[in-house]
Amino acid sequence: MTVDLSALHGLAVVLLPMVVIALLKRDVAQASIATLAYTAVAYALDKGLASVPEAIASGVVTGLQISSIIFTAIYFYNVQRELGVEDELRRIFGNARGVALYLAVFFSGFVESFSGYGVSPAVAAPLLLSCLLYTSDAA
């Protein structure tokens, strides 16, 4: 049984941050830098040094696209909060569970409609969790 070199690189990219954080007791920023450095070196050795700038540019563009979607969703949530939508929902429903229902059904659907599949759980889940955990009537 042979293992492809790219599969080993993929495994290393997954395990390297865990090793840096858990075994070497470093913070997430150092683990990210170590993983990025390993990935860049592995890519350069595999594809050649000339293709590295193109790969970095592609990664930056993809990262900015994803960041803009998440930033917009969080901004929209904060605008709703500042406008008093959350307080109005608490007044209407009487507790945080109504707000959680609103976030789960309407806000999550809104995020899904303008960002695409898979983003709404990533944005709405922490908001739902914070809504249910940091209220006096969460029990």
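Reader: At what angle do the axes of helix α1 (residues 5-23) and helix α2 (residues 28-47) cross, and within what distance do they come?

Author: Two packed helices are described by the angle between their axes and the distance between the axes. In this predicted model, the axes of α1 and α2 cross at roughly 155° and come within 8 Å. Angles over 145 degrees count as roughly antiparallel, so α1 is roughly antiparallel to α2. Their crossing is right-handed.

Reader: Which residues make the contact?

Author: From α1, the residues include His9, Leu16 and Ile21. From α2, Val28, Tyr38 and Ala42 are among them. The residues of this contact divide into 11 nonpolar, 4 polar and no charged.

Reader: What span should helix α3 (residues 52-82) have, and how far apart are its end C-alpha atoms?

Author: Helix α3 has 31 residues, and at 1.5 Å a residue it should span 45 Å. Its end C-alpha atoms are 44 Å apart, which agrees. Just after α3, Gly84 takes a positive phi of about 90°.

Reader: Which residues of α3 are buried?

Author: The buried residues of α3 are Val52, Ala73, Tyr77 and Gln80. Phe76 also lies in helix α3. Buried means under 20% relative accessible area and exposed means over 50%; Phe76 has 27%, so Phe76 is partly exposed.

Reader: Which residues is Phe76 in contact with, leaving aside its neighbours within four places in sequence?

Author: With those neighbours left aside, Phe76 is in contact with Phe107 and Phe110. Phe76 and Phe107 are 31 residues apart along the chain, and their C-alpha atoms are separated by 9.3 Å.

Note on methods:
Residues numbered from 1 in each chain as written. Predicted model: local features only at pLDDT ≥ 70, side-chain atom pairs only at ≥ 80, totals over all residues. Heavy atoms only, no water. Helix = DSSP H or I, 4+ residues; strand = E, 2+ residues; numbered from the N terminus. Expected span 1.5 Å × (residues − 1). Buried < 20%, exposed > 50% of the residue type's maximum accessible area, 1.4 Å probe, protein only. Contact = heavy atoms within 4.5 Å. Axes fitted to C-alpha atoms, helices over the stretch in contact; angles between N-to-C directions. Parallel < 35°, antiparallel > 145°, perpendicular 65-115°, else oblique. Left-handed = near helix turned anticlockwise from the far one by under 90°. Nonpolar A, V, L, I, M, F, W, Y, C, P; charged D, E, K, R; others polar.
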